[in-house]
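Hello,

Here is the structure you asked for. Please have a look, then read my notes below.

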Amino acid sequence: MSGEFRVAVVGGGVTGLCAAFYLARHFGRDQVVLLERSDCVGGQTRTSCADGFVNDWGPNGFLDREPLTLQWVADLGLSNRLVKARDAAGRRFILRGGELREIPLSPPKFMTSSVLSVRGRLRVLREPWVRTRTTETESLWEFAARRIGREAADYLIDPMASGVFGGDSKNLALAACFPRMVEMERDHGSLFSALRARRKQGKRASAAGPAGVLTSFDEGIGFLPEQAALRNDFEARTRAAVTGIRKHGAGFALTLESGADLQVQSVVVALPAHAAAGIVQELDSELSSTLREIPYAGMTVICAGYRRERVGHDLNGFGFLVPRSEGLRLLGCIWTSSVFDHRAPSDWVQLRTMVGGATDPQAVTLSDRELLDLFRREAGPLLAIDSDPEFLEVYRWQPAIPQYTPGHLDRLRRVEAAEKRHPGLVMAGNAYRGVGLNDCVVSAHRALERVVRRAAD
């Protein structure tokens with residue numbers, strides 16, 4: 001297989017699919033090729049349906065706060081297929097002292113909440129008087145402990161780090177993970193002052209970013225990449241692994257696993273950092289070394305189905321997260337059938353549990369039986385479950401989620417320097433500027449802009 005295209009997109013996950021879609025719109029369908037090494041697209045954003053259960057393998061949706069994601073959905077003709085999470089999804093819980101405690105969403109509820117002790121709540125209220133001194137290497141936990149206290153860092157911020165990154169809050173760089181928090185402290189002196197300022201402007205916001213409603217499809221979030229590939233807006237090749245990239249004239253030559261070469265003017269590498277490192281080794285060994293420095297955490301997703309009467313808890317909410325200080329292995333559990341309609345058959349429930357992450361790398365090696373025993377031991381008492389599920393699917397991702405550890409912004413600068421050394425090369429995906437689905441779409445648009453600018457030079 002050989003030939004010439006204007007642009008090649010390497011990797012068929014959300015970033016690659018979105019980038020290929022808009023590049024083909026700009027340059028024409030016959031000018032863009034997407035190359036995916038596996039036999040299907042979607043990466044970790046996939047969904048399977050079995051026995052009436054809708055099982056998301058990785059992410060379970062996106063927050064509707066990103067206009068670029070909503071525009072992509074609209075351009076795919078899928079806006080009328082979107083579904084919003086139920087109102088009950090606004091109720092979220094934290095495990096503390098063996099009990100599920102609801103996270104307070106308003107100041108009055110916060111003052112009476114049992115998530116934090118009285119002393120912990122009073123320490124949070126001191127936040128406006130804390131000095132500003134964020135550094136690039138300050139961890140998420142260190143920032144939270146400094147501004148709102150150690151207890152709040154342990155029971156509010158640490159589980160958030162597990163839920164978003166599968167990460168260790170003490171080893172995630174705040175400036176890389178949540179740059180908005182850095183901006184809020186720098187521009188307003190405190191998080192409270194920043195939130196007040198945004199509310200005066202009529203903007204909904206939290207310390208982590210603007211608010212949004214969890215959004216998906218009845219068929220699961222995997223429906224998005226499936227439909228993006230089916231539209232035939234660009235040439236998509238599966239089982240087309242790229243093994244190397246090298247310079248070729250003013251552009252690049254891609255070597256495929258089959259041994260064939262593909263010549264392109266620009267290439268978007270939308271792969272996990274560890275996979276990208278291998279294919280850019282010949283092109284730029286310094287870039288390859290930098291990419292290998294980006295660590296990843298593994299993750300296991302357990303999708304379990306129970307008859308409703310076998311679960312004693314009312315499951316009225318989104319689910320719960322487990323602070324690492326509680327000493328359990330479970331990271332959290334999403335009550336999927338309470339969040340979205342049509343996720344389980346009538347009179348059944350679906351529970352989606354995460355195990356592993358940066359603090360428990362061995363979890364991905366557990367057998368299904370070991371995972372079920374772990375679930376029953378740790379979640380069973382919380383949800384009043386005393387039996388195995390009648391439906392079970394387990395998805396193991398190793399590696400799964402990039403970890404923006406201290407030094408990530410320096411690594412990002414080195415990646416950007418490599419892009420400048422090789423005009424037409426764009427590194428894209430969730431390894432760089434955000435791990436969520438929305439971040440992948442934003443990354444795709446960054447790639448689009450850089451390729452279009454390159455073509456205009």
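Two strands pair if DSSP finds at least two bridges between them. Helices (H or I, at least four residues) and strands (E, at least two) are DSSP runs, numbered from the N terminus. This is a predicted model: local features need pLDDT of at least 70, side-chain atom pairs count only at pLDDT 80 or more, and totals for chains, interfaces and linings use all residues. Residues are numbered from 1 along each chain as its sequence is written, and side-chain values use heavy atoms, without hydrogens and water.

Start with strand 7 (residues 92–96). Strand 7 runs antiparallel to strand 8 (residues 99–102), and 4 bridges join them. Here F93 stands opposite E102. The hairpin of these two strands has 2 residues between them, and G97 has a positive phi near 60° there. Strand 7 also runs parallel to strand 15 (residues 319–321), with 3 bridges. R92 has G319 as its bridge partner in strand 15.

How enclosed is strand 7 by the rest of the structure? Largely, because 4 of its 5 residues are buried. Buried means under 20% relative accessible area, exposed over 50%, partly exposed in between (1.4 Å probe, protein chains only).

Now the backbone. Most residues other than glycine have a negative phi, and most peptide bonds are trans. D51 has a positive phi of about 55°. D51 sits in the loop between strand 3 (47–50) and strand 4 (53–56), and is exposed at 63% relative accessible area. D347 has a positive phi near 70°. D347 lies in the loop between helix 13 (336–339) and strand 17 (348–356), and is exposed at 58%.

Last, a cis peptide bond joins Q398 and P399, with omega about 0°. P399 is in strand 18 (residues 391–402).

Best wishes
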